[in-house]
Amino acid sequence: MMNERFAVTGMTCAACSAHVEKAAASVKGVHKVSVNLLMNSMIVEYEEPATRQAICAAVEAAGYGAAAADEGQQDKGREAFEDHETPRLRRRLIASLCLLLPLMYVSMGHLMWGWYVPAAFAENPWAIALYQLLLTGLVMVINQRFFVSGFAGLLHRAPNMDTLVALGSGAAFVYSTAVMFRMGSYMGEGSGEMAFHCLHDMYYESAAMILTLITVGKMLEAYSKGKTTDAVKSLMDLAPKTAHVIRDGVEITISADEVMLGDTFLVKPGESIPVDGEVLEGESAVDESALTGESLPVDKGIGMRVSAATINQNGALMCRATRVGKDTTLQQIIEMVENAVATKAPIAQIADRVSGVFVPVVITLAVITGIIWLAAGASTGKALSYAISVLVISCPCSLGLATPVAIMVGNGMGARHGILFKNATALEQAGKVDFVVLDKTGTVTEGKPKVTDICAAGGTDDGELLRIAAALESKSEHPLARAVCEYAEAEGIAIPGAADFRALPGWGVECSVAGQTAVGGNAALAAERGFMTEPLRKQGEKLAEEGKTPLFFALGDRALGMIAVADVVKPDSKQAIAEIQNMGIQVVMLTGDNRRTAQAIGSQVGLTAIVADVLPGDKESVVRRLSEYGRTAMVGDGINDAPALTRADVGIAIGAGADVALDAADIVLMQSGLTDVSAAVRLSRQVLRNIHENLFWTFFYNCIGIPLAAGILVPIMGLSLNPMFAAAAMSLSSFCVVTNALRLNLFRVRDAKRDRRRQMVPMPEFIEGFQEIEQAKMPECKEEKNMVKVLDVEGMMCAHCQAHVQKALEGVAGVTQVTVSLEEKQAKVTMETEVADDVLAAAVTEAGYQVTGCRAQ
């Protein structure tokens with residue numbers, strides 16, 4: 001079984017992608033076809049007797065182009081993802097407008113409202129007609145792609161939106177040209193009045209206007225398509241360009257692409273790490289937010305792993321390259337995003353779904369109309385006039401505008417409120433979601449630790465506690481220490497100098513302040529040093545249950561008190577979640593934190609559906625599984641969220657997050673507030689309602705207008721509709737559609753009073769525990785050959801420590817999976833081969849923590 005990607009050319013709408021998929025699926029041996037209109041590609045799963053050549057031939061027979069995307073094509077780099085279509089359409093639009101305006105001045109301004117033209121020109125109807133013919137012909141030449149694609153689709157029995165444009169514009173042009181010849185005969189007969197009358201039967205301006213308006217929609221569509229590839233481009237831009245490599249004892253600067261496996265490279269403070277590696281010398285804090293999405297820097301020392309595109313904050317690091325090129329973590333994330341984009345099923349637009357039926361029906365009705373009038377004894381000219389009236393009045397202008405105009409106004413409304421929709425699909429789908437998945441850190445919470453509680457011991461005031469605590473933590477680079485220092489500075493506390501600073505790995509810190517020994521750290525350190533009091537212990541346990549990290553401080557032999565630090569909930573999170581739930585949408589919180597912390601945050605915002613202890617690479621798996629139960633929206637901010645954002649039906653990125661996450665998402669919330677999620681859903685539902693109104697009007701108009709144009713009232717009331725009035729009716733139809741869409745400007749995006757509650761989709765049972773997902777996804781994990789050991793670990797005091805222990809154990813040969821519980825102070829290690837207890841313990845001890853027990857499970 002082969003799974004191969006093909007590049008497809010010639011697709012212009014969702015109907016095209018459906019025809020391509022049908023053509024490829026018809027090849028014997030093809031099991032699955034996934035066509036992506038945005039990426040102009042398809043992924044085909046096939047086996048013999050199907051071949052590359054057979055699949056490409058089938059697509060070409062359907063009127064499109066196809067070629068296997070070989071390795072060389074996939075590695076063209078950033079250039080392959082650039083948007084080249086939008087500039088071309090913009091040039092077409094500008095050229096069309098330059099010709100349309102003078103055409104409209106004469107055809108509408110002069111002939112209908114008497115606007116000035118030179119006398120010699122005004123008195124010569126043939127000159128006016130020739131002027132319109134030339135300008136319209138030029139507009140048609142500029143926009144010839146509509147005719148090539150439209151009639152090609154018609155010849156292959158696969159009509160699309162371009163077919164509607166070509167038929168409407170072409171019919172108006174042909175009819176007007178026929179009238180022009182009739183004008184010539186009148187002029188030859190010397191009947192100037194009849195010749196001038198013929199000018200009012202010409203619809204050259206309609207042909208040009210149709211092409212120009214549809215070009216506007218096409219340009220907006222191409223722009224949206226181009227933006228969807230920004231995710232991959234931004235990921236590529238993250239990759240460092242240069243590296244400082246040590247070769248033959250000399251430091252040289254080379255391209256990051258030239259770094260080889262095993263090379264020793266130097267990373268200076270403030271620089272990005274060029275490739276994945278292992279630290280050989282030095283200590284520093286590394287900002288891994290580009291990969292993990294978490295804002296807290298991670299301390300790095302000898303033997304620890306570093307990843308490409310992360311930033312070295314302080315201290316120089318000497319590292320050995322362990323993964324280069326396509327094997328780096330960054331490149332793997334890029335590949336994951338590309339695959340997620342390529343495998344997402346295209347969502348057909350409403351107008352494209354109906355156009356496949358609408359066009360054949362209109363053509364059939366036009367032919368039938370002409371035949372009936374000929375059979376009734378009408379002249380050929382009159383029968384043709386009725387047939388053309390049917391085509392002109394059913395012009396696709398209103399059908400083509402029904403969706404894009406509403407989406408355009410909706411996008412403008414969203415932009416004014418800080419809600420940016422990347423494409424029309426996102427705007428439509430946001431209102432249809434059944435589940436909203438929220439990443440905790442940086443989405444529900446601020447993503448940055450802050451001081452939440454200060455509990456001074458008896459005989460000590462808050463000021464003294466803060467003063468000594470800040471003096472202790474001022475020498476530490478730990479994120480919790482920085483939170484304490486920032487809070488003290490904000491309170492205007494004068495921080496005294498500290499001497500003899502010493503870090504106590506896994507415990508805390510100590511130093512000398514004013515000649516006395518000051519100590520600060522976790523509960524274990526307080527108990528070991530003997531300054532833990534019963535009130536402080538109880539208060540610390542209470543705060544820990546709320547998901548906070550208590551830090552205890554003492555000066556000499558006197559307990560000063562406790563300061564609690566936590567990642568606090570955003571002010572609007574609770575309100576936003578309530579609004580989303582009131583719309584009939586299930587809300588799930590996804591986090592890599594332990595369950596106790598996650599449940600504490602959930603209780604603050606009114607959430608019970610929580611998936612905790614999720615590794616960064618598993619977020620996409622959770623979203624994919626949840627999508628099986630209903631349409632899913634993912635809300636996140638880090639690059640590690642990018643695969644999940646892309647996999648979701650609707651990806652929503654917080655504005656304060658990493659740029660790549662913003663580009664991988666379909667919707668960006670510029671103000672970083674969760675209430676904008678409910679606002680986006682609310683706006684989407686209103687736009688959908690508006691689109692349905694537009695489409696109803698379009699089809700209602702056609703159901704009434706086409707029979708009138710066909711002359712159904714002539715035998716009854718003697719009323720007929722010539723092509724001129726048919727074109728006017730078409731313009732009125734478009735005007736009504738645009739006017740209705742403009743009503744969206746009056747919609748109150750953040751007014752929750754009129755929200756309509758839909759029937760909620762039941763919450764899937766697997767949400768109760770992520771392990772069930774893993775078991776369903778990888779049943780082979782249950783095999784007994786995988787050994788599991790549980791280690792009791794002392795010294796962990798926050799998520800930062802938890803990550804240290806996990807990474808230390810993951811680096812042991814034979815270990816396949818590690819789950820660290822901060823709450824239970826345990827590490828669960830899964831091994832494919834037997835690993836000695838002392839080897840596991842040594843890895844944890846080297847990371848700065850203590851193993852007090854190890855047992856098989």
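This is a predicted model: local features need pLDDT of at least 70, side-chain atom pairs count only at pLDDT 80 or more; totals for chains, interfaces and linings use all residues.
Two packed helices are described by the angle between their axes and the distance between the axes. In the pair formed by helix α4 (residues 85–113) and helix α6 (residues 125–142), the axes come within 9 Å and cross at roughly 155°. Since angles over 145 degrees count as roughly antiparallel, α4 and α6 are therefore roughly antiparallel to each other. Their crossing is left-handed. On the α4 side, the contact involves R92, A95, S96, L99, P102, L103, V106, S107, H110 and L111. These residues meet I128, Y131, Q132, L135, T136, L138, V139 and I142 of α6. By residue class, the contact of α4 with α6 comprises 12 nonpolar, 5 polar and 1 charged.

The count of salt bridges in the model comes to 26. One of them joins E278 to R320, with the closest N and O atoms 2.8 Å apart. E278 belongs to strand β8 (residues 276–281) and R320 to strand β13 (residues 317–323), so this pair ties together parts that are 42 residues apart in sequence. Both partners fall in the intermediate class of accessibility: E278 is partly exposed, at a relative accessible area of 25%, and R320 is likewise partly exposed, at 33%.

A salt bridge also links the side chains of R502 and E510, with an N to O distance of 2.2 Å. Here the two partners fall into separate classes. R502 is partly exposed, with a relative accessible area of 43%, whereas E510 is buried, with a value of 10%.

A further salt bridge is formed by E579 and R682, whose closest N and O atoms lie 3.4 Å apart. E579 is located in helix α23 (residues 573–582) and R682 in helix α28 (residues 675–709), so the pair ties together parts that are 103 residues apart in sequence. Buried residues are those under 20% relative accessible area. E579 is therefore buried, with a relative accessible area of 12%, and R682 is buried as well, at 5%. Elsewhere, salt bridges with shared partners join R502, E510, E528 and R529 into one network.

The helices that carry E579 and R682 also form a helix pair. The axes of α23 and α28 come within 7 Å and cross at roughly 25°. Because angles under 35 degrees count as roughly parallel, α23 is roughly parallel to α28. The crossing of α23 and α28 is left-handed, as is that of α4 and α6. From α23, the residues Q575, A576, E579 and I580 take part in the contact, and from α28, T675, V677, S678 and R682. The contact of α23 with α28 divides into 3 nonpolar, 3 polar and 2 charged residues.

G414 is placed in helix α16 (residues 397–416). This glycine is buried, with a relative accessible area of 0%. Leaving aside residues up to four places away in sequence, G414 touches I419, F421 and L683. G414 and L683 are 269 residues apart along the chain, and their C-alpha atoms are separated by 7.5 Å.

Note on methods
Residues are numbered from 1 along each chain as its sequence is written. Side-chain values use heavy atoms; hydrogens and water are left out. Axes are lines fitted to C-alpha atoms, for helices over the stretch in contact, and angles run from 0 to 180 degrees between N-to-C directions. Helices (H or I, at least four residues) and strands (E, at least two) are DSSP runs, numbered from the N terminus. Angles under 35 degrees count as roughly parallel, over 145 as roughly antiparallel, 65 to 115 as roughly perpendicular and the rest as oblique. A crossing is left-handed if the near helix is turned anticlockwise from the far one by less than a right angle, and right-handed if clockwise. Contact means heavy atoms within 4.5 Å. Ala, Val, Leu, Ile, Met, Phe, Trp, Tyr, Cys and Pro count as nonpolar, Asp, Glu, Lys and Arg as charged, and the others, Gly among them, as polar. A salt bridge is a side-chain nitrogen of Lys or Arg within 4 Å of a carboxyl oxygen of Asp or Glu. Buried means under 20% relative accessible area, exposed over 50%, partly exposed in between (1.4 Å probe, protein chains only).
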